[in-house]
Amino acid sequence: MSTQHVEVRPGAYADSVTLLQVSRDVAAVDGIRAVQVAMATPLNLEVLESMGFAVPAATPNDMVVALSLEDEAALDRALAAVRAALDTTHRPPPAAGEVAPPRTTRSTVGPGDLVLVSVPGEHALTEAMDALDAGCDVMVFSDNVPVAHEVALKQAATERGLLVMGPDCGTAVVGGLGLGFANGTSGGSGGIGIVAASGTGCQQVMCLLDAAGIGVTDALGVGGRDLSAPVGGLSTRAALARLDADPAVMQVLVVSKPPAPEVAEALEEYAASLATPVRFLLLGAGRPDLTAGVEEALRAWDVSVPEWPTWGEAAPPSSGLVRGLFAGGTLCEEAVEIVAGSLGEVRSNLSDSPDADLDGFLTTDSHVLVDFGDDSLTRGRVHPMIDPTYRLEHLARVAADPATGVVLLDVVLGHGAEADPAGSLAPAITAARAERDLPVVVSCVGTEADPQGLTLQARALADAGAEVHLSNAAAARRAVQVVSGGSR
């Protein structure tokens, strides 16, 4: 008979990626049915409860070890596996005569270095400011960074003539080196620089350019809030100046989630004063989607617009609701604009609505598109581009809902992302379509040079019954078409 063991370890901490690997290592031990080792954030506690675990009182600063075992005899073995897996994450103390590692960011870097900060959001300010004081540019990978901290960092960087990329900067290419979730490129002519207040939006643009044979020299991510009114485009302005001074950059694209109008206007005026031509690809009502924006840029550069690739059979006509489950925030935002523009009201956790409750979204009688990479759903959890578990659980829920007319998904490839997204998503799509011919439309954002391989991943998803597009905008339009009774 199965048994459960749940313990809270007060004050114990490890980052979410480390604990994901610990959970996977322990799950491979004989006698363990399920395991979750995670920080006790509200979201993780909710997940543990949904798995059937009864968790004692805990705070987000505590670690929870939850084990479902085949029998009591497996407990000692399981706890030993947890201990061993956690021990491998700890740095051993320096040996006699060995120099201890630096204890501060400033003591280990120097002027001109690029420092990547990836710590819990509330602590990012300290480390990033330390790097700025040392004369370094900073890429802040951390999410859940308060806006006030972001403004303080970017004002300090402006005063020092430095650049802050982020916070929540998931993608960057600096001098040809990819950082974060950067895509590989297969070559082609370069000379294109990107400034991106959007991670997956930047990746979509890079992958479309790659498909058109255009290479990217630099992609400077500035964080999704940079073009908001509180931040005022501080890093976008600095990044534009940096690219304008680079003789290898011949054209610049600025990619952003919907900006504050006054910030966009000021940046467009600034860009007009630069020697390097700048084009703006800004999402929002009445503006072109990213694919259309790339097509306009290609035409302006006298480059032929290719036929963007698709894979799989056309999704069958259907009726009902569009249910979108996204890993990429900008891809979700773009799809919301497209679906709402054709079908009317769309609910999403991208809005600032006080009733932005995930379970409420997934049971409402309206079109729903959810960004599973939103800060509220990644606090203490690994981003869905790395660990798809949470999104896959909800895919099964929406597939079982007879009101669902089409499921819309994104898959984002690249360095740092899940090693084989189709390996977990394709079986879930097959299961979702087992009871009925449920239409599934997927945008697969990637290149052939990515570690996962664009065609390999797209074909695996198509073999599971999905209609797959390189263009996220095209996938969103197909989802609208499907529930409107149309075929490709």
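# Strands, helices and spaces in a predicted model

Q: Which residue in E16 does arginine 323 stand opposite?
A: Strand E14 (residues 321–326) pairs with E16 in the parallel sense, and four bridges connect the two strands. In E16, the residue that stands opposite arginine 323 is valine 368.

Q: Why is strand E16 (residues 367–371) described as largely enclosed by the rest of the structure?
A: In a regular strand the side chains alternate between the two faces of the sheet. In E16, His367, Leu369 and Asp371 point one way, while Val368 and Val370 point the other way, and all are buried. The strand is therefore largely enclosed by the rest of the structure, since the number of its five residues that are buried is five.

Q: In E18, which residue is the bridge partner of aspartate 410?
A: Strand E17 (residues 404–412) and strand E18 (residues 440–445) run parallel, and six bridges join them. In E18, the bridge partner of aspartate 410 is serine 443.

Q: Within how wide an arc do the buried residues of H7 fall, seen down its axis?
A: An α-helix has 3.6 residues a turn, so residues three or four places apart point the same way. In helix H7 (residues 234–244), the buried residues are Ser235, Thr236, Ala239, Leu240 and Leu243. Seen down the axis of H7, these buried residues line one face of the helix, because they fall within an arc of 140 degrees.

Q: How many disulfides does the count come to?
A: A disulfide would need two cysteine sulfur atoms within 2.5 Å. For cysteine 169, the closest cysteine sulfur is in cysteine 202, at 8.4 Å, which is too far for a bond. For cysteine 202, the closest cysteine sulfur is in turn that of cysteine 169, so this side of the search also gives a separation too far for a bond. The count of disulfides therefore comes to zero.

Q: Is cysteine 202 buried or exposed?
A: A residue counts as buried when its relative accessible area is under 20%. Cysteine 169 has a relative accessible area of 2%, so it is buried. The relative accessibility of cysteine 202 is 1%, which means that this residue is also buried.

Q: By relative accessibility, how does alanine 152 count?
A: Alanine 152 has its place in helix H5 (residues 147–160), and its C-alpha atom is separated by 9.3 Å from that of valine 231, which is 79 residues apart from it along the chain. Buried means under 20% and exposed means over 50%. The relative accessibility of alanine 152 is 30%, so this residue counts as partly exposed.

Q: What volume does the second largest cavity have?
A: Rolling a probe the size of a water molecule over the atoms shows where empty space is left. A search of the whole structure finds two cavities of 30 Å³ or more. The second largest cavity is lined by Phe372, Leu377, Arg381, Val382, Pro384, Asp387 and Tyr390, and by class this lining has five nonpolar, no polar and two charged residues. Its volume is about 50 Å³.

Q: How much space lies in the largest cavity?
A: Thirteen residues line the largest cavity, and the closest to its centre are Pro384, Arg391, Val411, Glu418 and Pro421. H13, E17 and helix H14 (421–432) each supply at least two residues of this lining, which by class has nine nonpolar, one polar and three charged residues. The space in the largest cavity is about 110 Å³.

Q: Which elements give two or more residues to the lining of the second largest pocket?
A: The second largest pocket holds about 350 Å³ of space. It is lined by 21 residues, and those closest to its centre are Leu20, Ser23, Val35, Gln36 and Asp387. By class, the lining has ten nonpolar, six polar and five charged residues. The elements that give two or more residues to it are helix H1 (16–27), strand E2 (32–39), helix H2 (42–50) and helix H13 (389–400).

Note on methods
Residues are numbered from 1 along each chain as its sequence is written. This is a predicted model: local features need pLDDT of at least 70, side-chain atom pairs count only at pLDDT 80 or more; totals for chains, interfaces and linings use all residues. Side-chain values use heavy atoms; hydrogens and water are left out. Buried means under 20% relative accessible area, exposed over 50%, partly exposed in between (1.4 Å probe, protein chains only). The arc is that of the directions from the helix axis to the C-beta atoms. On a 1 Å grid over the protein atoms alone, a cavity is a set of points where a 1.4 Å probe fits but cannot get out, and a pocket is an open set with protein on both sides within 12 Å along at least five of seven lines; lining residues have an atom within 4 Å of a point. Grid points are joined across faces, edges and corners, and a volume is the space filled by probe spheres set on the points. Ala, Val, Leu, Ile, Met, Phe, Trp, Tyr, Cys and Pro count as nonpolar, Asp, Glu, Lys and Arg as charged, and the others, Gly among them, as polar. Two strands pair if DSSP finds at least two bridges between them.
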